[in-house]
Amino acid sequence: MASKYHDDWQSSKKTVLQRNAYMFDNELMSDVSFTCGESSRIFHAHKYVLATSSAVFFAMFYGDLAQKESPICLPDADEESFKEFLRYLYTDDCKITAGNAIGVMYLAKKYLMMSLTEKCCKVLEASTKPDNVFVVLEQAIQFDEQKLEAKCWDIVSKKAQECINSEAFCNVGSHSLKALLKRRPLEIAEVELFKAVLKWVDGECSRQGINIEEDKTARRRVLGDNVYEIRFLEMSQEDFAKHVSSTEILTEAELVSIFQKFSGLDVAGLKWKEQKKTRPHIVSFSRFYIANSLGGNWNYKGRYDALSLTVNKAVLFHGVRLFGDAHGSQYEVKFTLKYENVTGTYTSEKDKEGVWGYDVMLPKPISLQPDEQFTIIATITGPQSHRGENGKSSVKNDDTVVIFENAPYRSHGLISNGTNKSCGQFYKIFLSKI
């Protein structure tokens, strides 16, 4: 019967590789077959080919406990991945993509095909991005692929916010979550990391069929000891109160102890320790060239100066430099960003670039997230000052980019003093990387 459909096929195949390729998933001379999961699709194969490529297959077909039933069902494989895995055994090549690389690598590991494992890892290294990094990371850890794991952690460290915003993060195992929380530094504020962890916890509760409204201890129980890896003391007291205190992740006693620590009290036995903080490297972003920063005629009549900004990556906002006059005059300033207000009296001084002004710095820096637009507002009382003209639309320093936009015309019920992205106040802003 076979010869009827395959008459003299050998003469058209000039090499062993071509003849092997012809036998790929071919019923001709097949002596074993496979199915995947619940699928009825049958893959035809040849024990000799499989056994000469894999020690596992050799033991299955020619060992003391040789497997004789056929088809062999592979409940842990999908059709596309197994097809490409099988193709590699016959042709020494296959179509590995970002979509099937994990499935093929699983089979390559299972059947001890190291050359195919390496091929899969290269594809995964090239295709791993923030939206799939945790999927790849789980496999890299499971299969002890250290180079691939390191690649994943490098992406997480540099693009933490994008990574934890992915759907894949909500499905990571508890061991991967703990590894993430232990890993530092991450370019993300601690409060943003906590929000993502809370989302993971709620997802895990849902998967376990737990109603967190009825079971008030569920979140803490599911998070387990991972809670001690969250650096609550690196948050501002305001962020802790707003985003942590009502989640029931912490007990009442723990909440009181942490609030006491925020107030400067010594708390015995507190499991969360303050981390040694290195002094941040604060970078200034000037939105005017020096030649355009020496003009005058900027008056103040109780109206506000405002500007909107967007950053391309997570940063800490430390403060601004405002224009003053050339006479060392004093200015009363109320500066506002998000929930933080700073009020004080400042003296105009010449900086090293010869521009007169003064720095208004926040007592604690505020975290800003990628592509988050925010508005800075300064209400200034004092004599006429210099101003900037021909402002830059964006400023780049290293890999951080700040884009300037006009603020909403009215803010907080006040009347604008005229600052916009082209002219006016806000000579510099001060940022540091997270």
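**Aromatic contacts**

Start with a cluster. Phe 34, Phe 43, Phe 57, Phe 61, Phe 82, Phe 85 and Tyr 111 form one aromatic cluster. Keep in mind that this is a predicted model.

How many aromatic pairs does a search of the whole structure find? The count is 27. I'll take two of them.

First up, Phe 288 and Phe 323. Their ring centres are 5.9 Å apart, with 50° between the planes, and the pair is tilted. Where do they sit? Phe 288 is in the loop between strand 4 (283-286) and strand 5 (295-298), and Phe 323 belongs to strand 7 (residues 315-323). So this pair ties together parts that lie 35 residues apart in sequence. Buried or exposed, Phe 288 and Phe 323? Both are buried.

Next, Phe 317 and Phe 374. Here the centres are 6.0 Å apart and the planes meet at 80°. Planes over 60 degrees apart count as edge-to-face, so that is what we call this pair. Phe 317 is in strand 7, Phe 374 in strand 12 (residues 373-381). On burial, the cut-off is under 20% relative accessible area. Phe 317 comes in at 0%, so it counts as buried. Phe 374 has 4%, so it is buried too.

Last, charges over rings. Lys 392 lies over the face of Tyr 289, 4.4 Å from the ring centre. Arg 287 lies over the face of Phe 404, at 6.0 Å from the ring centre.

That's my tour. Thanks.

Conventions:
Residues are numbered from 1 along each chain as its sequence is written. This is a predicted model: local features need pLDDT of at least 70, side-chain atom pairs count only at pLDDT 80 or more; totals for chains, interfaces and linings use all residues. Side-chain values use heavy atoms; hydrogens and water are left out. Rings of Phe, Tyr and Trp (its six-membered ring) pair if their centres lie within 6.5 Å; planes under 30 degrees apart count as stacked, over 60 as edge-to-face and the rest as tilted. Helices (H or I, at least four residues) and strands (E, at least two) are DSSP runs, numbered from the N terminus. Buried means under 20% relative accessible area, exposed over 50%, partly exposed in between (1.4 Å probe, protein chains only). A charge sits over a ring if NZ of Lys or CZ of Arg is within 6 Å of the ring centre and within 35 degrees of the ring normal.
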